[in-house]
Amino acid sequence: VGEIAMPWCAFGLLLATRGVPYAVGSWLPPMVFCGLIVSNAVTLRHRRSMANGIGGAVVYLFLYLVALRDGVGDELAGELLYRPPTHVSRVVSLVIAGAGGALAALALRRVIGRAEVVSRERDLFGKYRLLGKVASGGMGTVHEAVYCPEGGFERRVAVKRIHPHLAEQPRFVEAFRREAALSARLLHPNIVQVMDFGRVDERYFLSMEFVDGVPLSDLSRRARADRDVLSPVLVGHVGREILAGLHYAHRVARDASGAPLRVVHRDMCPQNVLVSRAGEVKISDFGVARALEDGGSALTQTFVGHVGYFAPEQASGEHEIDPRADLFPVGVMLWELLAGRTLFLRSAQGATINAVLQHEPPTITSLRPELDPRWDAFFAGALAKDPTARFASAQRMLAALETIGDAEGDGAEELAAMFVLDPVSREVPIPLEGD
């Protein structure tokens, strides 16, 4: 009520103190109306802004006509200030001001609405504060984040948000939820720990351990570009760490009842192995390939980019997938690290699959004669096309690796030193399917 009365109080004050001609000709009441319009626009009341503009125009025009007829003498009626066109322009200005205020209020409302969405996304369930996007792929986007529940406790984490089109597939969501719960039980130094799974609005997210480093694929690609030869000590360290994580997943991990989980990764590749600046090696995305497979054939296209590291039985579909399918790609990765080149990857997917099924890798000592000859026997057991001729378990493959003399040593220190040599690489490495 006070807001509505303000312009009329101003008009009445002028009328009482200065007379009718001055009150009619003054711009003070219209300016008060405009001030109200601006105030309503800033407070996002678009309807009230429009109502003040139109109402002010109508009422002011009515008062002017009454005052002009009864209070303005003939000697003033002919002056420009008191002529009808001048006051019509005031009325039109008030209408335009009201419309402009309403549009401004609507625009501000939209901007603030978008800001609220961003703010809500940056404060997932009040537990996670998103910092910045660090990776994206066929399955979703990954943000560096801070886990900040009540009590002032904070921890750096990585939050993967699933693409909306995948969230529309109930079969995929259920499979991914199941695999996320399974992955959360894999508590091992060489496995990226999954800590949380949830949904904000229609976006599902996964919270994981933060690894400050890069994917193994980045180090391998950089070494090939610089034509650097990686030492067998470093490669041996990477292999031992990966195989220790796989042995835990395949044989040691237990479910809530104490039964073995026997988790097979199914998508082992350099993109899914993370190396930290401290020389740690961690396997990520356990169970994701299975979730994608369970989600339907259209969704499996999100990880076919790793086909160069599939075991032959995965490429052909002739054998049931078991833990030995994870050991073949480990052999491929270690061979590539030592050789400084890719093994099966070709320019076309079909050619890559054919190479996995048919191509016999050259012995590593034929490419690097200085290496311990026991590397050849190791790769013969790791890269056998027939899974029955392959290492039977990650533990046996690890035992074979530990017999290679030039693979012994502190590879973690050498691995960490590679980051010192490349201080530019600072991105957080949480790989995504399809990268």
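The following questions and answers concern selected features of a predicted model.

Residues are numbered from 1 along each chain as its sequence is written. Local features need pLDDT of at least 70 and side-chain atom pairs count only at pLDDT 80 or more, while totals for chains, interfaces and linings use all residues; side-chain values use heavy atoms, with hydrogens and water left out.

Colleague: How many salt bridges does a search of the whole structure find?

Modeller: A salt bridge is defined here as a side-chain nitrogen of Lys or Arg within 4 Å of a carboxyl oxygen of Asp or Glu. With that criterion, a search of the whole structure gives a total of ten.

Colleague: Are glutamate 174 and arginine 177 buried, partly exposed or exposed?

Modeller: Buried means under 20% relative accessible area, exposed means over 50%, and partly exposed lies in between (1.4 Å probe, protein chains only). Glutamate 174 has a relative accessible area of 42%, and arginine 177 has one of 36%. The class of glutamate 174 is therefore partly exposed, and that of arginine 177 is also partly exposed.

Colleague: In the salt bridge of glutamate 370 with arginine 368, how far apart are the closest N and O atoms?

Modeller: Glutamate 370 is exposed, because its relative accessibility is 54%. Arginine 368 is buried, because its relative accessible area is 9%. Between these two residues, the closest N and O atoms are separated by 2.9 Å.

Colleague: Which residue forms a salt bridge with aspartate 372?

Modeller: Aspartate 372 counts as buried, since its relative accessibility is 13%. The closest N and O atoms of the pair are 2.8 Å apart, and the partner is arginine 374.

Colleague: How many residues of strand β4 are buried?

Modeller: Strand β4 comprises residues 155–162. The strand has eight residues and is mostly covered, the number of buried residues being six.

Colleague: How many bridges join β4 to strand β6?

Modeller: Two strands pair if DSSP finds at least two bridges between them. Strand β3 (residues 140–147) runs antiparallel to β4 and is joined to it by eight bridges, with valine 146 facing arginine 156 as its bridge partner in β4. Strand β6 (residues 203–209) also runs antiparallel to β4, and glutamate 209 in β6 is the bridge partner of valine 157. The number of bridges joining β4 to β6 is five.

Colleague: Which residues form a positive surface patch?

Modeller: Patches are made of residues with over 30% relative accessible area and no salt bridge; like charges are joined within 9 Å, and nonpolar side chains (Val, Leu, Ile, Met, Phe, Trp, Tyr) within 5 Å. Lys and Arg count as positive and Asp and Glu as negative, whereas His and the chain ends are not counted; each charge is placed at NZ of Lys, CZ of Arg, CG of Asp or CD of Glu. The positive patch consists of Arg251, Arg254, Arg262 and Arg396.

Colleague: What is the phi of arginine 262?

Modeller: Arginine 262 is located in the loop between α10 (232–252) and β8 (273–276), and it is exposed because its relative accessible area is 53%. Most residues other than glycine have a negative phi. Arginine 262 is not a glycine, yet its phi is positive, at about 55°.

Colleague: Is arginine 266 buried or exposed?

Modeller: Arginine 266 also belongs to the loop between α10 and β8, and its phi is near 80°, a positive value in a residue other than glycine. Its relative accessible area is 17%, so the class of arginine 266 is buried.

Colleague: What accessible area do Ile54, Val58 and Val95 have together?

Modeller: Accessible areas come from the Shrake-Rupley method with a 1.4 Å probe, and for residues only the protein chains shown count as cover. Isoleucine 54 lies in helix α4 (residues 46–70) and is partly exposed, because its relative accessible area is 40%. Ile54, Val58 and Val95 form a nonpolar patch on the surface, and their accessible area together is about 230 Å².

Definitions and conventions
Helices (H or I, at least four residues) and strands (E, at least two) are DSSP runs, numbered from the N terminus.
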